[in-house]
Each structure stands twice: as C-alpha cells, then as structure tokens.
Amino acid sequence: MSTAGHAADTTVAAILTDLADTTHKAIVVDSPPGAGKSTLVVKAARQLAADGTQRMIVAQTNEQVDDLIARLAAAEPELRIGRLSAQGYRRAERIDLPTVRDAAKVGDLEDCTVLIGTAAKWATLTEGTWEHAIVDEAYQMRSDMLLRIARRFDRGLFVGDPGQLDPFATVETDRWAGLDWDPTMSAVSVMLANNRDRHIPLHRLPVSWRLPASAAPVVSRAFYPFTPFDAGTAPGTRQLDFFTRGSGSSVDQCLDEAAESGWGFYELAARNTLRTDREAVAAVAALTVRVLERGAKATSEQGVQSVTAERLAVGTAHRDQAEAIRHALRGTVAETVTVDTANRLQGREYDVTVVLHPLSGRRDASSFHLEAGRLCVLTSRHRHSCILVGRAGIPELLDAHPSSEPVQLGVPVKFPDGWEANQAVLSHLAAHTVRA
C-alpha cells in the first residue's frame with residue numbers, strides 16, 4: 001500500500017473508532033476535494049446500521065441524497081434504505097431499487113434501517129428522535145438549519161469541506177456578524193463555537209483521490225495552506241491523450257498544454273466586458289467542443305476510458321454565463337456537457353473541466369468574485385486536466401483592488417482570503433498560458 005493510502009486508512013479507522021465511542025456527542029471530519037468523503041459517510045452509515053437500529057443521514061441537496069443512496073445500496077445490497085421526500089416525488093432511476101423506499105412521513109418508513117433526506121426535509125419533522133445522525137456537506141449547512149434539526153438526534157458525525165463555498169443566504173447578513181449564533185454561518189462553525197467546553201474530535205482526511213499529482217499541490221497551497229493534503233496517485237499515473245493531433249490553433253495548443261501538464265490558461269486580450277463576455281463564451285465553447293472532437297482518452301489507476309460528454313464539465317460564477325455557454329454549445333457534439341455554476345458543481349467529479357475565470361473582464365474585484373471557495377470549487381472538480389479561460393490583466397486587477405472587506409469584531413478571519421488564493425492560482429497558471 002502507498003504512503004498516501006496508509007495515511008488515509010489510518011485516519012478513517014480513527015474516525016470510525018471515535019464514532020463507536022458513545023461519549024462523543026459530535027465528531028467533525030474536514031475533507032479536501034475528492035478525499036473520499038462520500039465513501040467515509042457510507043462506511044460510517046454501515047457501521048452505525050450494523051445493529052439494526054434506525055439511523056438518520058442529512059444531506060444538503062436532492063442530488064447529494066440520491067448519490068448517497070446509490071453508494072450505500074451498492075456497498076450494502078441488503079440494507080433497507082428510506083428516502084424522506086416531498087409529496088409527489090418521483091424516484092430517480094439510479095435509486096429505483098427494491099431495497100429503497102421513499103415517503104413524505106417517517107412513519108411510513110419504520111422498517112428502513114437508514115433514513116436519508118435533505119436538511120430542509122428533516123426540518124419539517126415535528127416528532128421522532130434518533131441516536132445517531134450523519135450530516136454530509138456540513139459546511140454547506142447554515143447554522144439555523146442545524147438548530148431546526150438538532151433535537152432529532154443525540155450524536156452527530158459532521159463531514160464536509162471547509163475550503164469550499166460557505167452557506168448561501170439571500171439577505172444581508174451584517175446584523176448577525178460576530179454573534180456566536182450567527183444563523184448564516186456554517187453549522188460546524190457555530191457548533192464548535194458553542195461547545196468549547198466539550199471535547200469534540202476533529203479529523204482531517206489527508207489525501208485527495210480525485211485531484212491528480214499535478215493539481216493537488218496547487219489546490220492545497222492556494223486554498224488549504226494550514227491543512228495541506230497530498231494526491232492519492234503518483235506523478236505519471238494519470239495521463240490525458242488525444243486521438244487526433246491538433247491543428248496548431250491556439251485552442252489546440254491550450255488543450256495540448258493541459259493534457260501534458262494538467263493545467264491550461266486560455267488568455268484573451270485585456271478588456272473590460274459585460275458579464276456574459278461573448279468572446280470568452282465562444283472560447284469556452286470552442287475548447288469544450290474540441291476536447292470531444294479530438295477524442296480525449298483518460299488513462300488512470302482505473303484503466304483507460306474515453307472522455308465523453310458525461311465526463312466533461314464547464315464551470316462559471318454566474319447562471320447567465322452558464323446559460324450563454326449552453327446556448328453556444330447547442331447543435332454541437334458538446335451539447336449535453338454539464339454547464340453550471342460553482343454552487344451546483346460542488347461535490348461533483350469529472351475527467352476534464354473548462355472554467356470561465358470569475359474575474360475575467362471585470363472592472364473591479366467584488367467579494368463575490370474574490371471568494372476563495374468559489375475558485376476552489378471551480379479548480380478542483382477534475383481528475384486529469386483543468387482549463388481556465390480569462391482575459392489578460394487579472395493580476396493587475398487584483399493589485400488595484402486589494403481586499404477591502406470590513407473587519408468585524410468576533411468574526412474569525414478566514415484564510416486564505418480570495419485575493420491571496422487567486423494570486424496563488426494565477427502564479428501557477430503563468431507557466432501554462434496560451435494566448436488566443
């Protein structure tokens with residue numbers, strides 16, 4: 001077994017040991033991108049369910065719920081799983097299994113050993129308690145949501161990625177800044193802040209099995225400077241090739257650079273643009289289409305696979321940018337490629353990703369576009385290569401707009417800040433830049 005594999009196994013064993021210790025009211029597990037968080041949740045669920053007592057699992061989105069059900073059903077085919085769903089729910093095909101039932105009420109799932117639902121669904125319950133709960137993507141859950149469901153369980157395992165996007169709120173949040181019960185903070189942050197007198201075990205998964213050796217050090221330095229992690233695979237284990245040679249165009253040159261080094265930055269001329277920059281949208285579409293036209297082939301520890309449209313994704317900061325790119329891809333071989341915002345791509349995995357840089361063409365660097373978690377999500381979805389598209393001048397924009405967010409009393413300073421994270425990523429991309 002590799003050193004990375006041994007370190008990961010040791011950490012998981014320690015987590016499962018703590019989970020069996022009933023003196024722990026809560027356990028927190030921090031996970032970098034692709035560190036096997038879902039695998040850990042499945043192992044923990046199987047361990048808790050071994051005695052036949054009903055347990056609860058909380059996820060943040062319906063997609064996450066279905067993913068966990070599919071994984072748990074594959075690992076434990078005989079386990080009876082109940083999906084808490086809204087009225088009129090139609091079961092996804094991948095979880096349409098004889099051992100999986102769905103219902104809007106807990107009373108209709110009494111014979112299920114594991115109950116899985118979104119936090120929003122669990123919050124609608126008015127009765128029922130469980131000895132153990134597993135909260136997946138706990139850093140995406142707002143603390144007010146945890147408050148609504150905390151009475152439903154006695155002990156909790158909280159698993160999530162502290163380096164990615166914070167919980168989303170549609171209202172101004174300054175009125176709660178600095179309060180230890182701030183409802184817009186993550187569930188984990190508030191729980192730890194209000195339980196300093198209790199020993200809450202904190203574990204960190206040390207290895208990313210998704211990110212290749214070319215990406216793990218970059219993402220670790222930029223977004224996890226105080227909790228570094230390693231790649232689970234050695235240099236050279238992952239390889240991206242194309243069936244056809246490039247034509248010599250700047251698009252093909254960028255693809256060849258990304259295939260060789262794992263990174264590519266397709267740089268357009270410096271210019272301030274609208275958010276749906278037509279040139280940038282066209283460039284993203286051209287790169288995406290060309291990956292499929294040239295017949296990308298991914299070689300990894302899992303074997304050799306063609307990079308199909310299902311294994312390719314495009315990431316943006318805004319929904320209107322994503323819609324513009326979807327429109328540009330209509331009628332092409334890449335029409336079915338996933339195109340979405342960082343918020344929706346969080347938790348997903350692809351072989352190759354094409355990313356429209358959040359600061360491309362902007363006149364200023366707002367807190368939204370500087371958020372480290374947004375860039376972290378966009379640059380950590382890939383197993384082989386990540387290609388970014390942006391206009392020249394982003395480093396100068398960052399220098400002209402240093403972080404100016406007000407410092408609020410009682411609010412922990414988040415490291416790294418978006419300015420520092422962006423500079424770190426751009427510094428690495430400088431050696432992998434192809435100009436349009």
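Predicted model: local features only at pLDDT ≥ 70, side-chain atom pairs only at ≥ 80, totals over all residues.

User: Then what covers the buried residues of α7?

Analyst: The cover includes β10 (230-231), β12 (263-268), α13 (372-378) and α15 (418-429).

User: And what makes helix α7 "mostly covered"?

Analyst: Buried means under 20% relative accessible area. In α7, residues 216-223, six of the eight residues are buried, so the helix is called mostly covered. The buried ones are A216, V218, V219, S220, A222 and F223.

User: Why is E137 called buried?

Analyst: Set the value against the cut-off: E137 has 8% relative accessibility, and buried means under 20%. Since 8% falls under that limit, E137 counts as buried. E137 sits in the loop between β6 (130-136) and α5 (143-149).

User: What makes the crossover from β15 to β16 right-handed?

Analyst: The chain goes from β15 through helix α10 (residues 319-329) to β16. With the strands pointing away from the viewer, a path from the first strand over the helix to the second that runs clockwise is called right-handed. This β-α-β crossover is right-handed, so its path runs clockwise in that view.

User: Why are β11 and β14 said to stand at the edges of their sheet?

Analyst: That open sheet has three strands in the order β11-β13-β14, with antiparallel pairing. β11 (239-242) and β14 (303-306) each have a single partner strand, so one side of each is left without a neighbour in the sheet. From one strand to the next, the twist averages 20 degrees.

User: How do you know that β13 and β14 are partners?

Analyst: Four bridges join β13 (residues 296-300) to β14, and at least two are needed, so they count as paired. They run antiparallel, and A298 stands opposite Q305 in β14.

User: Which feature does UniProt place at residues 298-391?

Analyst: The unreviewed UniProt entry puts "domain: DNA2/NAM7 helicase-like C-terminal" there. In the model, that span is 28% helix and 35% strand, and its end C-alpha atoms lie 29 Å apart.

Notes. Residues numbered from 1 in each chain as written. Heavy atoms only, no water. UniProt positions renumbered as here; feature names shortened; annotations may be inferred. Helix = DSSP H or I, 4+ residues; strand = E, 2+ residues; numbered from the N terminus. Axes fitted to C-alpha atoms, helices over the stretch in contact; angles between N-to-C directions. Buried < 20%, exposed > 50% of the residue type's maximum accessible area, 1.4 Å probe, protein only. Contact = heavy atoms within 4.5 Å.
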